[in-house]
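Trainee: I would like to learn how to read pockets and sheets in a model. Please take me through one.

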Amino acid sequence: MTNPALAPRPQLWILRHGETEWSKSGQYTGLTDLPLTVEGEQQAVEARKVLDPVDFDLVLTSPLRRARRTAELAGFPDAQHEPLAVEWNYGDYEGISSDLIRKDNPDYLIWTHGVPNGETLDEVAARADKIIGRVLESGMDNVLVVAHGHFSRILTARWLELPPTEGRHFILGTAKVCTLGWDKRTPAIVRWGL
């Protein structure tokens, strides 16, 4: 019988989608289904160099086209669509930059103030928790999730067993790759922003 304490632990890889016009300008891009820019497509191709050496048991992608196209260009055209991996629904702040919001509310931070008529931070974290649960229960070695900036940062905080607000500490550029894994039995960041 296998000792559960010695069982292999999966690694959760994250790839943020490549650049879009709104990620370039700093506008909140939740469910608006924007394409990648030419630069964003090139970024996704470059990410492939980091991911090629890894044998993934499962590749999940947000169903939004910026993530799907990133997955395709990074070498995963058959990635499984995962609706839980969509970006934060920014409600009334969709398409607006935080700089513009701060003109009316200088103390505004999405991590503490949230968004009107959109998802709460806890709702986004609950989606992240479901993906983490699936990965941990899978028995797989390497799972890749192609997703979005805020969602990936929240996913990281939850992997580390931190409150979702702590995602604010994990800056993640477009088409950057991260690996979440273990320091012995403790959830840890293995690589960030490759």
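Mentor: We take the pockets, then the sheet. This is a predicted model, in which local features need pLDDT of at least 70, side-chain atom pairs count only at pLDDT 80 or more, and totals for chains, interfaces and linings use all residues. Residues are numbered from 1 along each chain as its sequence is written, and side-chain values use heavy atoms, without hydrogens and water.

Trainee: How much space lies in the largest pocket?

Mentor: Rolling a probe the size of a water molecule over the atoms shows where empty space is left. A pocket is an open set of points on a 1 Å grid over the protein atoms alone, where a 1.4 Å probe fits, with protein on both sides within 12 Å along at least five of seven lines; lining residues have an atom within 4 Å of a point. Here the largest pocket holds about 500 Å³, the volume being the space filled by probe spheres set on the points, which are joined across faces, edges and corners.

Trainee: Which residues lie nearest its centre?

Mentor: Arg16, Tyr28, Tyr90, His150 and Arg153 do, out of 24 lining residues. Helix H7 (149-159) gives the largest share, 3 residues. Helices (H or I, at least four residues) and strands (E, at least two) are DSSP runs, numbered from the N terminus.

Trainee: In what order do the strands of the open sheet stand?

Mentor: Two strands pair if DSSP finds at least two bridges between them. The order is S3-S2-S4-S1-S5-S6, with mixed pairing. S3 (80-81) and S6 (186-191) each have a single partner strand, so one side of each is left without a neighbour in the sheet. S5 (residues 177-183) and S6 run antiparallel, joined by 5 bridges.
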